[in-house]
Amino acid sequence: MPYRLPPDIGDFVGRSGAVAELTGVLQSGGPVPIAAVNGMGGVGKTALAVHVAHAVRRRFSGGPLYVDLRGMADRPAEPYALLGGLLRAFGRREVPDALEERAALYRSELAGRRMLVLLDDARSPAQVRPLLPGSSGSAVLVTSRATMAGLPGARRLDLDVLEPYEAVALLESAAGAERVAAERAAALDLVAACGFLPLAVRGAGAWLAARPSLRIDALARRLARGRMEELPAAVACFRLGYDLLGRDEARAFRLLALADGPGFSTGAAGAALGLRPQRADDILETLADLSLLESCAPDRYRFHDLLRLFALNRSCTREERVRAVRGLLDHYLAAAREATGVLGGAPSKRLTREAARAWLFVEQDAILTAVERAAREPGGPLAQAAELLLIVAQVIDREWSPGHLRNAVRAVRAATRRRASVAGFAEAEQLRADEAVR
């Protein structure tokens, strides 16, 4: 029969919590249980869903039904065509012309059967709804890069990357346990360079398996230098999502990678993109809905390390990059001046001393990352970077990120020497006098 469940993944590792949660949802009974697994490309949604489907298949006497919705393709599968194929697979020779009639007939076919319907790689809830069973006994498991927030009654599972020990176990299965054991520290560096992303770790293992004479640390160094071409499967996976973006969203995806350190606020994103807060927020939500960004806290976003590297490798003019960095520094400069002023006793209608301290604590790593970016970007706003560094160096928590502060100072000094700027050298001398992190 078509729509057979793919075989279980031979090197499936970890995910015990996710497996238990999904298994519990699918076997809960009552009205049709729906579990929706979402996450970034390459995080292992399909592998998890197929593994769980195999684990619970005995509970569904009608068997599993696997449907590839091709959500990341240029033309996702249409429910109309899918329903026609499914009905014919059930033995129906005559298939109605109307979508609603096909969906109704499909639900009647499932009625009385205990089936597990796995809808893989969904683009949107609208693509999924016509394929849902209409009566109890069956269950549905959906995977998608989108959040599936508009799917009523669905239990959502946001799938994260692997734990470090799980990533190392996956690397062992591809590259060999003895080889990994011989270079344990390098293996940990490698899976960290892969961002603990299953697709990337598996690709790294395949790369090593094809080169048995090379050391693991050789690949770890290549990835640390930004050599994403060593992971072609991950690049291809990310490109599927990127190619779906509109012009404004694609531009934002490329430029926001310049702002990313530990994360960035909506205000910082709007400043980097030259957009009003509401428009910036709309774009950020679009990127997060496609799992190209992670919403890590209210009004705050971040990239996965490999997605950030992928974004930085997309074409962008120097003028665009410099303009984005300048806008970002202007944003941080204005906020830092106000925060340090409040801490120094200046009145403010917007900030309290507690709020100023909290802002500096949350943003200090992002500020130092922006300073480093400005110093290293050809033509970047070095004077603004030096001024911002001078302001925040006096008030940030040095115990929290002394190495980051030291690196930012060195980046600004190196840039002033490269550019041979008189004003820049003057700023550097001030930094030398004020620096307490030698």
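This is a predicted model: local features need pLDDT of at least 70, side-chain atom pairs count only at pLDDT 80 or more; totals for chains, interfaces and linings use all residues.
**View A. A salt bridge joins arginine 155 and glutamate 21.** The side chains of these two residues, arginine 155 and glutamate 21, meet with a nitrogen-to-oxygen distance of 3.6 Å. Arginine 155 belongs to strand S5 (residues 154–158) and glutamate 21 to helix H1 (residues 16–26), so the bridge ties together parts of the chain that are 134 residues apart in sequence. Arginine 155 has a relative accessible area of 46% and is therefore partly exposed, and glutamate 21, at 27% relative accessibility, also counts as partly exposed. Side chains of opposite charge can pair when their charged atoms come close.

**View B. Arginine 279 forms a salt bridge with aspartate 248.** The closest N and O atoms of arginine 279 and aspartate 248 are 3.0 Å apart. Because arginine 279 lies in helix H14 (residues 277–289) and aspartate 248 in helix H12, this pair ties together parts that are 31 residues apart in sequence. Arginine 279 is partly exposed at 33% relative accessibility, and aspartate 248 is partly exposed at 35%. Elsewhere, salt bridges that share partners join Glu183, Arg215, Asp217 and Arg221 into one network.

**View C. Arginine 113 and glutamate 109 meet in a salt bridge.** In this pair, arginine 113 and glutamate 109 have a nitrogen-to-oxygen distance of 3.1 Å. Is glutamate 109 buried or exposed? With a relative accessible area of 12%, glutamate 109 is buried, since buried means under 20% relative accessible area, whereas arginine 113, at 32%, counts as partly exposed.

**View D. Phenylalanine 253 and phenylalanine 303 form one of the 6 aromatic pairs**. The ring centres of phenylalanine 253 and phenylalanine 303 lie 5.5 Å apart and the ring planes are at 55°, so this pair is tilted. The pair links distant parts of the chain, for phenylalanine 253 sits in helix H12 (residues 247–259) and phenylalanine 303 in the loop between strand S8 (300–302) and helix H15 (305–312), with 50 residues separating them. Phenylalanine 253 is buried, at a relative accessible area of 0%, and phenylalanine 303 counts as buried at 6%. A tilted pair is also formed by phenylalanine 264 and phenylalanine 303, with 6.3 Å from centre to centre and 45° between the planes. Since phenylalanine 264 lies in strand S6 (residues 264–265) and phenylalanine 303 in the loop between S8 and H15, this pair ties together parts that are 39 residues apart in sequence. Phenylalanine 264 is buried as well, at 0% relative accessibility.

**View E. Charged side chains sit over aromatic rings.** The charged end of arginine 102 is placed over the ring of tyrosine 80, at 3.7 Å from the ring centre. In the other example, arginine 314 lies over the face of phenylalanine 310, at 4.0 Å from the centre of the ring.

**View F. Phenylalanine 253 is part of the largest nonpolar core**. This core has 116 residues, and those with the most contacts inside it are Leu190, Phe253 and Leu256. When residues up to four places away in sequence are not counted, phenylalanine 253 touches Tyr242, Leu245, Leu287, Leu292, Phe303, Leu307, Phe310 and Ala311. Another core lies apart from the largest one and has 30 residues, among them Val117, Leu131, Val142 and Ala146. In soluble globular proteins, nonpolar side chains tend to be buried together.

**View G. Strand S1 pairs with strands S4 and S5**. In strand S1 (residues 34–38), 5 of the 5 residues are buried, so the strand is largely enclosed by the rest of the structure. Ile34, Ala36 and Asn38 point one way from S1, while Ala35 and Val37 point the other way, and all of them are buried. In a regular strand the side chains alternate between the two faces of the sheet. S1 pairs with strand S4 (residues 139–144) in the parallel sense over 5 bridges, and in this pairing alanine 36 stands opposite valine 142. S1 and S5 also pair in the parallel sense over 5 bridges, where the bridge partner of valine 37 is leucine 157.

Methods: Residues are numbered from 1 along each chain as its sequence is written. Side-chain values use heavy atoms; hydrogens and water are left out. Rings of Phe, Tyr and Trp (its six-membered ring) pair if their centres lie within 6.5 Å; planes under 30 degrees apart count as stacked, over 60 as edge-to-face and the rest as tilted. Helices (H or I, at least four residues) and strands (E, at least two) are DSSP runs, numbered from the N terminus. Buried means under 20% relative accessible area, exposed over 50%, partly exposed in between (1.4 Å probe, protein chains only). A charge sits over a ring if NZ of Lys or CZ of Arg is within 6 Å of the ring centre and within 35 degrees of the ring normal. A nonpolar core is a set of buried Ala, Val, Leu, Ile, Met, Phe, Trp, Tyr and Cys residues joined through side-chain atoms within 4.5 Å. Contact means heavy atoms within 4.5 Å. A salt bridge is a side-chain nitrogen of Lys or Arg within 4 Å of a carboxyl oxygen of Asp or Glu. Two strands pair if DSSP finds at least two bridges between them.
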